[in-house]
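Visitor: Hi! Could you walk me through this one?
Guide: Happy to, here it comes.

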Amino acid sequence: MDAKTLEARARAEGTPVIESDTATFVWRGRGPICLQGDFQDWRGKPLPFKRVAPGLWARTLTLPADAYVEYALEDPRGQRVEDPLNRHPSDNGFGGINHSFHMPQARSSLPARHPRGAPRGRVTRHVVDTGDVDLPGQRRVYLYAPPTDASVPLVVVYDGEDYLRRVRLPELVDTLVAEGRMRPVALALVCNGGETRSMEYACSEYTVGLLKWKVLPLARQKLSLVDERRSPGAHAVLGASLGGLMALYTGLRMPDVFGRVLSQSGAFAVEGHDFVVFDLARPPPRRPLDIWLDCGRFEGLLEGNRRIAPVLSEAGHQVELREYSGGHNYPAWREDLVHGLERHFPPPPAKRRESLRFSGR
């Protein structure tokens, strides 16, 4: 493709210009420009553009045909430069904005929209005092109650504010339930400690204690929950990245409460160091867990997920590892979480048929 045609397509279609399994990034301006993104796990040397015409720069990558990709442009000083031809900005979760795009075969698993007239649950904000358990200050917990009077399982969610704002998890659950794709659940979205997050989620007994002493009593008081003493392992725990590590650790430490684990891009091994979950995963379990893992194929964390899945399986746990063509970000996690929710909380067959009639399908 000649430079004139490439620029015309970029202005008409947006960047990158996609053909089959290639994505060509186009930028007009002075001086060299570089590219960094999910496709290199945001590591290593940025990829330089090539000058293809006076003031016009381009870089072509071959990518999986079903990928979701986030990226950024950088100048020679390493400062981010806006890509004015990309129409899909994405909050990267670290105080900045990435650009994003989908390759041609990417297919969404997300529900289109909440069915008209279908009931919605309710989210309430709570604050628990943590000083008496030697954790600093107070902690916010958001509780989601589904629109049902029946007792339901609880899903405890690490990085609760992010799952509330970025994943829009209560809205997602509402819609999946209304479409008959999962059964109702309650949520306890637990905010992290900010600067102490890494310590709290690195297989911390303090965080397990926070759930035991503060979060679970609050949830039992405010929500109509299945009693895990009568139905051991009825509840679930969810997290991403270090939160995904902590979710698995929590399930291994509290299997009588949390029999289901949803770990997204779990950081089970970092910089050549295996966390203690590998040791906890090897012995035959007192109570087997049902564990759902997912991780992006662009992520360095994938290797740890691939290694821990068979360890858990050989010990006697039920394990599913899903790999998707994407990176380490909340849009990818929101997209893929649907599969984990459907696995752990399938609807009764009668409810599925009723919802299909309700939605007109």
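Visitor: Which residues do ring pairs link into a cluster?
Guide: The cluster is made of F25, F39, Y71 and F101, linked by ring pairs. Rings of Phe, Tyr and Trp (its six-membered ring) pair if their centres lie within 6.5 Å; planes under 30 degrees apart count as stacked, over 60 as edge-to-face and the rest as tilted. By the way, this is a predicted model, where local features need pLDDT of at least 70, side-chain atom pairs count only at pLDDT 80 or more, and totals for chains, interfaces and linings use all residues. Residues are numbered from 1 along each chain as its sequence is written, and side-chain values use heavy atoms, with hydrogens and water left out.

Visitor: How many aromatic pairs does the count come to?
Guide: The count is seven aromatic pairs. In one of them, F25 and F39 have ring centres 6.3 Å apart and planes at 55°, so this pair is tilted. F25 sits in strand β2 (residues 22-28) and F39 in the loop between β3 (34-37) and β4 (47-48), 14 residues apart. Helices (H or I, at least four residues) and strands (E, at least two) are DSSP runs, numbered from the N terminus.

Visitor: Is F25 buried or exposed?
Guide: F25 is buried, at a relative accessible area of 0%, and F39 is buried too, at 18%. Buried means under 20% relative accessible area, exposed over 50%, partly exposed in between (1.4 Å probe, protein chains only).

Visitor: What about Y158 and Y201?
Guide: That aromatic pair is tilted, with 5.1 Å centre to centre and 55° between the planes. Y158 is in the loop between β13 and α2, while Y201 belongs to helix α4 (residues 197-201), 43 residues apart. Both Y158 and Y201 are buried.

Visitor: Switching to charges: how many salt bridges are there in the whole structure?
Guide: A search finds 29 salt bridges, each being a side-chain nitrogen of Lys or Arg within 4 Å of a carboxyl oxygen of Asp or Glu. One of them joins D91 and R166 at 2.9 Å, N to O. D91 is in strand β9 (residues 89-91) and R166 in the loop between α2 (160-165) and α3, 75 residues apart.

Visitor: Got another one, and where does R306 lie?
Guide: R306 forms a salt bridge with E323, with the closest N and O atoms 2.9 Å apart. R306 lies in helix α8 (residues 302-315) and E323 in strand β20, so the pair ties together parts that are 17 residues apart in sequence. R306 is partly exposed at 46% relative accessibility, and E323 is partly exposed at 23%. There is also a network of salt bridges linking E7, R11 and R28.

Visitor: Now the strands: what order does the open sheet of eight have?
Guide: The order is β11-β12-β14-β13-β15-β16-β19-β20, with mixed pairing; two strands pair if DSSP finds at least two bridges between them. β11 (122-129) and β20 (318-324) are at the edges with a single partner strand each, so one side of each has no neighbour in the sheet.

Visitor: In which sense do β16 and β19 pair?
Guide: Strand β16 (residues 258-264) and strand β19 (residues 290-296) pair in the parallel sense, over five bridges. In β19, D290 is the bridge partner of R260.
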